[in-house]
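The following exercises concern a single protein chain, shown below. Work through each task with the structure in view before reading its solution.

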Amino acid sequence: MRSVVLDVGETLVDETRIFERWADRLGVPRLAFFGLMGAVLVEGRPLMDAFRLVKPDFELDAESAAWRADEPESMRENFDAGDLYADVRPALAELRAMGMNVVVAGNQPSAAGISLQAMELPANAVHVSEDWGVAKPDPAFFTRVVEAADATPGDILYVGDRIDNDVLPAKQAGLRTALLRRGMLGYLHAGRAEAREADTVLDNLAELPGWIAAQAE
């Protein structure tokens with residue numbers, strides 16, 4: 001392996017505070033909102049269904065615009081360095097020290113790309129889907145990943161928390177894959193039979209450098 005490409009949400013960024021703010025915005029207790037999100041995901045439904053259970057006419061773009069108008073200075077659905085998982089910087093730094101080309105590439109708006117760049121992560125490059133004009137699981141997204149990683153597909157490891165958006169489409173593109181067991185979908189997907197499609201299932205990013213080093217032995 002020459003390159004490691006990492007997803008963003010629940011791979012690098014803990015989205016807990018984002019969903020807490022959404023619960024507050026929608027006027028529902030946080031625990032109830034988290035329970036609804038878990039319920040729709042177990043049923044295989046889109047996450048937005050949890051929002052619509054609380055507010056039947058919920059439309060993300062309209063709600064985000066209204067929130068931005070009401071609270072232009074607040075974090076709203078955005079994130080900052082305080083939302084990074086604690087293992088992110090040490091793991092990425094260790095990968096760089098091993099000579100890996102470290103790239104961040106996930107389904108995120110352009111504003112998230114700006115936030116990630118401002119964090120000065122130990123990564124060679126940061127890319128987000130809105131800037132690319134294509135999002136996972138579209139195969140074209142992984143074509144862009146291969147270009148960004150500057151390596152042949154078999155020399156790239158894609159790391160993410162989802163089977164549907166990360167493991168399966170990355171594998172179909174010829175990449176190696178690591179399923180990260182954290183976040184609501186990470187725990188849920190790690191328990192499914194399809195998790196065997198991943199080259200490895202990890203509990204945290206701290207395990208990643210050691211696993212990569214073991215593949216070279």
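**Exercise 1.** Determine which residues of helix α2 are buried, and explain how they are arranged around the helix.

*Solution.* 
Step 1. The model is a predicted one. A residue is called buried when its relative accessible area is under 20%. In α2, this applies to F33, M37, V40 and L41.
Step 2. These residues cover an arc of only 100° around the axis, which places them on the same side of α2. The general rule behind such a pattern is that an α-helix has 3.6 residues a turn, so residues three or four places apart point the same way.
Step 3. The face turned away from the buried side of α2 carries L31 and V42, which are exposed.

**Exercise 2.** Compare the span of α2 with its expected value, and describe the backbone just after the helix.

*Solution.* 
Step 1. Helix α2 runs over residues 30-42 and has 13 residues.
Step 2. From its first C-alpha to its last, α2 reaches 18 Å, close to the 18 Å expected at 1.5 Å a residue.
Step 3. Just after α2, G44 takes a positive phi of about 80°.

**Exercise 3.** Carry out the analysis of buried and exposed residues for helix α6.

*Solution.* 
Step 1. Helix α6 spans residues 110-118, and its buried residues are A112, G113 and L116.
Step 2. They cover an arc of only 105° around the axis and therefore lie on the same side of α6.
Step 3. I114 and A118, on the other side of α6, are exposed.
Step 4. The cover over the buried residues of α6 includes β2 (101-106) and β3 (125-128).
Step 5. Just after α6, E120 has a positive phi of about 50°.

**Exercise 4.** Describe the surroundings of W22: where is this residue, is it buried or exposed, and which residues does it touch?

*Solution.* 
Step 1. W22 belongs to helix α1.
Step 2. The relative accessible area of W22 is 3%, so this residue is buried.
Step 3. Leaving out residues up to four places away in sequence, W22 touches F33, F51, F58, L60, E63, S64, W67 and E77. One of these, F33, is also among the buried residues of α2.
Step 4. W22 and S64 are 42 residues apart in sequence, and their C-alpha atoms are 9.9 Å apart in space.

**Exercise 5.** Characterise the largest pocket by its volume, its lining and the classes of its residues.

*Solution.* 
Step 1. The largest pocket holds about 1,400 Å³ of space.
Step 2. It is lined by 45 residues, of which E15, F19, L47, N107 and Q108 are the closest to its centre.
Step 3. The elements that give two or more residues to this lining are α1, α2, α3, α4 (60-70), α6, α9 (163-172) and α10. The largest share, five residues, comes from α10.
Step 4. By class, the lining has 18 nonpolar, 11 polar and 16 charged residues.

**Exercise 6.** State where S129 lies and which residues are in contact with it.

*Solution.* 
Step 1. S129 lies in helix α7, residues 129-132.
Step 2. With a relative accessible area of 10%, S129 is buried.
Step 3. Apart from neighbours within four places in sequence, S129 is in contact with G106, N107, Q108, V134, A135 and F141. N107 and Q108 are also among the lining residues closest to the centre of the largest pocket.

Definitions and conventions
Residues are numbered from 1 along each chain as its sequence is written. This is a predicted model: local features need pLDDT of at least 70, side-chain atom pairs count only at pLDDT 80 or more; totals for chains, interfaces and linings use all residues. Side-chain values use heavy atoms; hydrogens and water are left out. Helices (H or I, at least four residues) and strands (E, at least two) are DSSP runs, numbered from the N terminus. The expected span of a helix is 1.5 Å times one less than its number of residues. Buried means under 20% relative accessible area, exposed over 50%, partly exposed in between (1.4 Å probe, protein chains only). The arc is that of the directions from the helix axis to the C-beta atoms. Contact means heavy atoms within 4.5 Å. On a 1 Å grid over the protein atoms alone, a cavity is a set of points where a 1.4 Å probe fits but cannot get out, and a pocket is an open set with protein on both sides within 12 Å along at least five of seven lines; lining residues have an atom within 4 Å of a point. Grid points are joined across faces, edges and corners, and a volume is the space filled by probe spheres set on the points. Ala, Val, Leu, Ile, Met, Phe, Trp, Tyr, Cys and Pro count as nonpolar, Asp, Glu, Lys and Arg as charged, and the others, Gly among them, as polar.
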